[in-house]
Amino acid sequence: MEWSEGHAFPIEDALEMVFVFDRTGVISYANAAAKKKLEFEEDLCGRHISDIFPGAYKPTENGFETEYPFGSELHNFVAYRKNLTCFPVEARTIESARQKDTYICMANDILEKEYLNREITHVKQEAEQALKVKSEFVANVTHELRTPVNGILGNTRELIDTVSDEQILKALRLIERCCGDMNKIINNILDFSKLEAGKFTLEPRRFHFRNMLDYVKTQHINKLTEKGIGFFMTVSPQIPEYIVGDELRIIQILNNLLSNALKFTAVGKITVEVVRTARVKDKIELFFIVKDTGIGIDKADKDKLFQSFSQVDASISRKYGGTGLGLNICKQLAELMGGKIEVESEKNKGSTFSFSIWVGICEGEDAAEQPEDDGNGMHIFTMAPGGEEEEHSDNVTQYGTPENREALKKNLSKLILCVEMENWEKAEMFMETIRQLTQDAPREVSRVILRLKMAVQKESYEKVNAGYEELNSIL
């Protein structure tokens with residue numbers, strides 16, 4: 001069979017350009033797409049293939065030569081039009097199975113594709129540059145903010161030591177607290193900007209693991225005691241005394257998870273458990289579990305937890321405070337240390353956050369000292385003051401149950417004690433716990449709670465006492 005213009009090939013209407021040529025390199029057939037794109041009329045046949053692809057095919061005395069192998073693999077060629085302008089194509093050349101010394105070249109115009117790729121690359125570069133500028137701006141601004149905040153904080157602490165007037169002291173302590181909160185926000189924003197810009201680096205070093213956990217406990221023990229929440233921490237005996245990792249960032253994750261647990265837990269307990277789950281050469285995987293009996297999270301809202309600047313509910317940021325950055329930073333830190341963070345939770349039944357990290361171990365320090373066994377294969381490492389663990393029941397949060405009434409009475413007693421001592425900051429904390437314990441209470445009780453809360457916020461001693469007496473009589 002002879003390849004010629006007279007044959008009606010099924011490929012005539014193909015969108016890609018098709019050429020048929022022999023061993024001499026002379027084109028015997030070109031489809032409609034080839035003629036249109038190369039702007040040839042009827043004079044394309046009879047031309048040499050090197051006229052179309054001069055960079056891929058070179059004419060020789062007997063035909064042509066090419067460095068591109070025949071087959072299904074695509075190659076980037078440059079195709080020349082009749083007017084000698086050119087455009088890029090993706091092409092492949094195969095040898096005909098029907099006719100000896102006959103070759104078929106199929107080529108796609110990729111001019112638009114290359115243009116779009118350049119546009120995408122340009123947009124990506126602009127986005128990366130904008131991100132870099134934004135991250136540098138945020139880092140500079142946060143550094144600049146620290147100077148006045150620390151100046152206010154330092155002067156406030158100096159004044160606290162010299163002032164005796166209770167009203168002035170109260171205002172100064174409020175300023176001190178606000179400066180501390182501002183520094184925490186600044187640190188979060190700075191960490192986030194570094195992580196986002198890819199400039200965050202870990203600083204691993206050898207440290208005493210159990211001392212680190214004890215340090216974390218001491219940072220939260222006062223608030224735990226004030227709220228009357230049980231706290232229990234256990235650590236596996238398989239974890240060495242000394243490990244190699246970024247101690248500061250491990251503390252940062254634990255502090256964030258414990259702060260959230262404290263913030264959203266009114267009654268019950270918080271437990272921390274650390275176990276060793278794997279070892280590869282001189283690396284071990286540690287698995288941390290932080291469990292609370294707080295307000296919990298709906299399953300549908302769990303995905304929002306680790307997003308930047310995100311709160312499960314917009315009202316949470318107003319009620320409890322927070323930037324929505326903490327958990328996102330924890331997620332990125334855990335991933336930087338080779339692990340991940342997850343959460344299991346149910347509304348009104350508490351939350352369990354868990355994260356894993358990989359740390360190094362030093363030679364000869366794989367075996368840990370053996371603390372006193374608690375009988376369950378784990379070892380109690382530290383416990384909040386208050387004696388034995390109290391069983392937490394879901395009935396505590398259900399208004400009207402004996403457990404709920406008992407918890408309400410305890411928190412009311414603590415509230416009125418704080419009011420008597422004019423410690424309104426702690427009084428607000430116990431008031432929030434009382435509010436959580438009466439969420440599903442009847443309307444008449446809710447009204448009393450609302451009046452009591454407003455009285456605490458206004459620091460009205462008489463109205464707080466009146467509300468206390470009214471609620472106590474109901475209970």
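Me: Where does E459 lie?
Reply: In this predicted model, E459 sits in the loop between α11 and α12.

Me: What makes the phi of E459 worth a remark?
Reply: Its value is near 55°, which is positive, and E459 is not a glycine. Most residues other than glycine have a negative phi.

Me: Why is E459 called partly exposed?
Reply: The relative accessible area of E459 is 35%. Buried needs under 20% and exposed needs over 50%. The value for E459 falls in between, so partly exposed is the label.

Me: What about L84: where is it, and what is its phi?
Reply: L84 lies in the loop between β5 (75-80) and β6 (86-95). Its phi is about 70°, positive although L84 is not a glycine.

Me: Why does L84 count as exposed?
Reply: The cut-off for exposed is over 50%. L84 has 66% relative accessibility, so it counts as exposed.

Me: Which residues of α11 are buried, and what puts them on the same side?
Reply: The buried ones are V445, V448, I449, L452, A455 and V456. They cover an arc of only 125° around the axis, and therefore lie on the same side of α11. The face turned away from that buried side carries the exposed residues R443 and L450.

Me: What covers the buried residues of α11?
Reply: The cover includes α9 (402-420), α10 (424-437) and α12 (461-474).

Me: How do you know that the span of α12 fits?
Reply: The 14 residues of α12 should span 20 Å at 1.5 Å a residue. The end C-alpha atoms of α12 are 20 Å apart, so the span agrees.

Me: Which residues of α12 are buried, and what makes them one side of the helix?
Reply: V464, N465, G467, Y468 and L471 are buried. Their arc around the axis is only 165°, which puts them on the same side of α12. On the other side, E462, K463 and S473 are exposed.

Me: What covers the buried residues of α12?
Reply: α9, α10 and α11 are included in that cover. α12 in turn is part of what covers the buried residues of α11.

Me: Now α8. Why is A334 called buried?
Reply: A334 is in helix α8 (residues 326-336). Its relative accessible area is 0%. Buried means under 20%, so A334 qualifies. The buried residues of α8 also include G326, L327, N328, I329, C330 and L333.

Me: What does A334 touch?
Reply: Leaving aside residues up to four places away in sequence, A334 touches I253, G339, K340, S356 and I357. Take S356 from that list. It is 22 residues from A334 along the chain, yet their C-alpha atoms are separated by 6.8 Å.

Me: What follows α8?
Reply: G338 does, with a positive phi near 85°.

Me: How many cavities does a search of the whole structure find, and what lines the largest?
Reply: There is one cavity of 30 Å³ or more.

Me: How many helices and strands does the chain have, and how much of it is buried?
Reply: The chain has 12 helices and 15 strands. Of its 475 residues, 42% count as buried. Among contacts between residues at least 6 apart in sequence, 62% join residues at least 24 apart.

Me: Where does pLDDT stay under 50?
Reply: Over residues 312-321, with 19 contacts beyond four places in sequence. Also over residues 367-392, with 55 such contacts. Where pLDDT is low, the predicted coordinates should not be read in detail. For the chain, the mean pLDDT is 81, and 86% of residues reach 70 or more.

Terms used
Residues numbered from 1 in each chain as written. Predicted model: local features only at pLDDT ≥ 70, side-chain atom pairs only at ≥ 80, totals over all residues. Heavy atoms only, no water. pLDDT = per-residue confidence, 0-100. Contact = heavy atoms within 4.5 Å. Buried < 20%, exposed > 50% of the residue type's maximum accessible area, 1.4 Å probe, protein only. Helix = DSSP H or I, 4+ residues; strand = E, 2+ residues; numbered from the N terminus. Arc of directions from axis to C-beta. 1 Å grid on protein atoms, 1.4 Å probe; cavity = no way out; pocket = protein on both sides within 12 Å on 5 of 7 lines; lining within 4 Å. Points joined across faces, edges and corners; volume = space filled by probe spheres on them. Expected span 1.5 Å × (residues − 1).
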